[in-house]
Amino acid sequence: MSSDILKRIVDLLGLSFQFRSFLGYACYAICAGRYRSVDPSHFENDLIYLIGSGPSLDEFDLLSIEGSTAILLNSAVDVHEKLPRSNQSLWLCADVNAFLTTADRVPTEMKRIITVHRFDKALQVIRKLDRGRDHFILPKPSIRRKYPFRDGSHSGRLYFRPRYAVRAGKPVTLRSIDDGLVYPATAMLLGIAIALLLARKGVHLVGFDMGAGPGGYSRKTINPNSSDPHRFPVKTIEHFLAGFREEGEAKGLDIFNHSPYAPERILLRGRLK
């Protein structure tokens with residue numbers, strides 16, 4: 001038996017054991033239409049701030065953000081009270097585990113945009129969704145390699161998972177928040193894609209350190225695990241950032257990263273305020 005035939009058999013056997021993922025997608029597809037509480041036009045603004053939970057968040061003066069839209073990613077919701085009331089805030093989560101551990105800390109009055117990076121644990125996620133404030137983005141399904149952008153113990157296996165925002169090897173931006181595409185490695189990429197739909201003048205990234213800096217996470221946020229710098233494939237992230245920068249320039253939008261630590265070298269660097 002050739003190695004190619006053996007590999008295909010292993011792939012098929014692997015997919016056969018992913019019943020929970022197929023069932024999870026079916027559950028999401030049935031329920032997604034119930035959770036459409038966010039009108040994106042309501043959050044359009046001159047400036048969109050994306051706030052991550054990297055350690056440089058502790059060095060940024062959140063009081064300097066005025067009259068903007070702030071999108072808080074995952075555990076960065078813990079700093080929402082430090083934002084001036086002149087801002088409007090959203091919570092964005094694209095990770096199943098982050099949603100399950102953080103959703104209960106999101107203020108009840110804050111709108112939430114939620115998607116998932118895999119289809120299992122669907123019932124646990126759905127139980128925490130709220131029709132009054134949640135907008136669930138149903139990911140488009142695909143059968144793909146788990147880690148198509150990096151090496152890893154499972155990088156060669158096929159999985160039934162959400163579709164990456166890639167076409168012919170090139171990153172794509174969103175036409176609407178409901179496109180159902182996900183981005184690899186970090187929720188910040190999806191945040192930027194959404195911000196490019198909402199911003200009229202510019203997009204600013206705060207606390208986007210990609211595992212670098214003093215400590216894994218901001219001391220102002222609650223995270224159950226320490227950050228592993230190796231989980232951030234820099235070249236892959238830069239590949240997507242380059243696509244975002246090109247899209248931003250076409251729209252007359254600048255994208256600033258205010259992190260002094262992030263290893264990416266694609267975005268404009270903003271000074272800490």
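Visitor: Is Arg219 buried or exposed?
Guide: Relative accessible area, computed with a 1.4 Å probe on protein chains only, sorts residues into buried (under 20%), exposed (over 50%) and partly exposed (in between). Arg219 has a value of 73%, so the class is exposed.

Visitor: What kind of model is this?
Guide: Residues are numbered from 1 along each chain as its sequence is written, and side-chain values use heavy atoms, with hydrogens and water left out. Local features need pLDDT of at least 70, side-chain atom pairs count only at pLDDT 80 or more, totals for chains, interfaces and linings use all residues, and the model is predicted.

Visitor: With which residue does Arg219 form a salt bridge?
Guide: A salt bridge requires a side-chain nitrogen of Lys or Arg within 4 Å of a carboxyl oxygen of Asp or Glu. For Arg219, the closest N and O atoms of the pair are 3.7 Å apart, and the partner is Asp58.

Visitor: How many residues apart are Arg219 and Asp58?
Guide: Helices (H or I, at least four residues) and strands (E, at least two) are DSSP runs, numbered from the N terminus. Arg219 lies in the loop between strand 10 and helix 6, and Asp58 in the loop between strand 1 and strand 2. The pair therefore links distant parts of the chain, given these DSSP elements. The separation in residues is 161.

Visitor: Which residue meets Lys201 in a salt bridge?
Guide: Lys201 counts as exposed, at 53% relative accessibility. The N to O distance in this salt bridge is 3.8 Å, and the partner is Asp46.

Visitor: How many bridges join strand 1 to strand 10?
Guide: Strands pair if DSSP finds at least two bridges between them. Strand 1 and strand 10 run parallel, with Gly202 in strand 10 as the bridge partner of Leu47. The bridges joining strand 1 to strand 10 number six.

Visitor: How far apart are the end C-alpha atoms of helix 6?
Guide: The expected span of a helix is 1.5 Å times one less than its number of residues. Helix 6 (residues 234-251) has 18 residues, so it should span 26 Å. In agreement with this, its end C-alpha atoms are apart by 25 Å.
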